[in-house]
Amino acid sequence: MRAAFITVMGAALIALGASGLAWSEHDDDRGGRAPTQGSRTRGDLAPVTNEGYRTECGGCHFAYQPGLLPAAAWGRIMNTLDQHFGDDASLDPALKDELLAYLDANAADRSDGKRARSFAAGKITGDGLPRITQTTYFKRKHDEVPIRYVKDNPQVKSFSACAACHPGADQGDFNEHQVNIPGVGRFED
Ligand code: HEC
Ligand code: HEC
């Protein structure tokens, strides 16, 4: 009787320990793949570390972090650069392969980070190339932002311009409390 009780208590303690572990794993966003990326605050995204990527893919728009899209989506984008959202963004094949490998290794569905995992979840809508702005998570987070702050705002123009409203975007900080919409300021929903 006594032995059975102890066994049950032991099992309960193990279960508690395991759930505590699962929770802290889920909640701790600092454990990215590359420790060289420095400390990140809770909920942040690993910043871009590949300078070639920053130069080539940050020329026309914000250099989107690899953790903003799953690997399959990056594959489609990198393999259709000659028809890139109405532009020709073609690269030398060797450089393309290098940048794709970088994106692939750090993609949303390969990351341990909470924010990146959120971008990996759900489906990407739309019939063209995959967009960050058409991920389930992005849409949920921005569905209350009025279009007059975006399309009709000459300092923003498009939801694709992350850094226009997220001053910390380059460091991978998208925290909603840091948002500053040009001409509008802080956003209160
Ligand atoms: C010649 C200019 C140009 C270059 C270079 C370029 N892009 Fe783009 N990209 C665009 C345009 C234009 C859009 C559409 C932006 C919009 O709708 O506001 C876009 C959109 C995107 C989007 C979708 C953003 C969203 O709306 O969610 C991704 C992802 C993207 N580019 C990745 C890349 C990557 C990766 C590279 C480097 C290999 C790259 N781009 C290089 C012009 C460029
Ligand atoms: C027009 C301004 C604007 C642009 C452009 C924009 N965002 Fe946001 N974003 C916001 C606002 C406002 C919120 C907070 C919404 C709320 O509190 O309901 C937000 C919230 C977020 C969040 C959730 C933050 C949190 O603390 O939960 C993420 C992640 C995010 N944005 C990523 C992006 C990315 C990635 C891009 C570019 C592809 C982008 N945003 C472009 C305005 C913008």
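**Entry 1: the shell around ligand 1.** I looked up which residues surround ligand 1 and found 20, the closest being Cys-57, Cys-60, His-61, His-84 and Arg-131; a residue is near a molecule if one of its heavy atoms lies within 4 Å of it. The model is predicted, so local features need pLDDT of at least 70 and side-chain atom pairs pLDDT 80 or more, while totals for chains, interfaces and linings use all residues. Residues are numbered from 1 along each chain, chains are lettered from A and ligands numbered from 1 as written, and side-chain values use heavy atoms, without hydrogens and water.

I sorted the shell into 12 nonpolar, five polar and three charged residues. Here Ala, Val, Leu, Ile, Met, Phe, Trp, Tyr, Cys and Pro count as nonpolar, Asp, Glu, Lys and Arg as charged, and the others, Gly among them, as polar.

**Entry 2: polar contacts of ligand 1.** I searched for pairs of N or O atoms within 3.5 Å. A nitrogen atom of ligand 1 lies 2.8 Å from a side-chain N or O atom of His-61. An oxygen atom of the ligand is 2.7 Å from a polar backbone atom of Ile-132, and an oxygen atom is 2.7 Å from a side-chain N or O atom of Ser-160.

**Entry 3: the iron atom of ligand 2.** I noted that His-142 (NE2) and His-166 (NE2) coordinate this iron atom at 2.0 Å; donors are N, O and S atoms within 2.8 Å of the metal (3.2 Å for Na, K and Ca). His-142 belongs to helix 6 (residues 136–142), whereas His-166 is in the segment after helix 7 (162–165), 24 residues apart. Helices are DSSP runs (H or I) of at least four residues.

Methods. Polar contact = N/O pair within 3.5 Å; in protein donor to acceptor, adjacent residues only side chain to side chain. Helix = DSSP H or I, 4+ residues; strand = E, 2+ residues; numbered from the N terminus.
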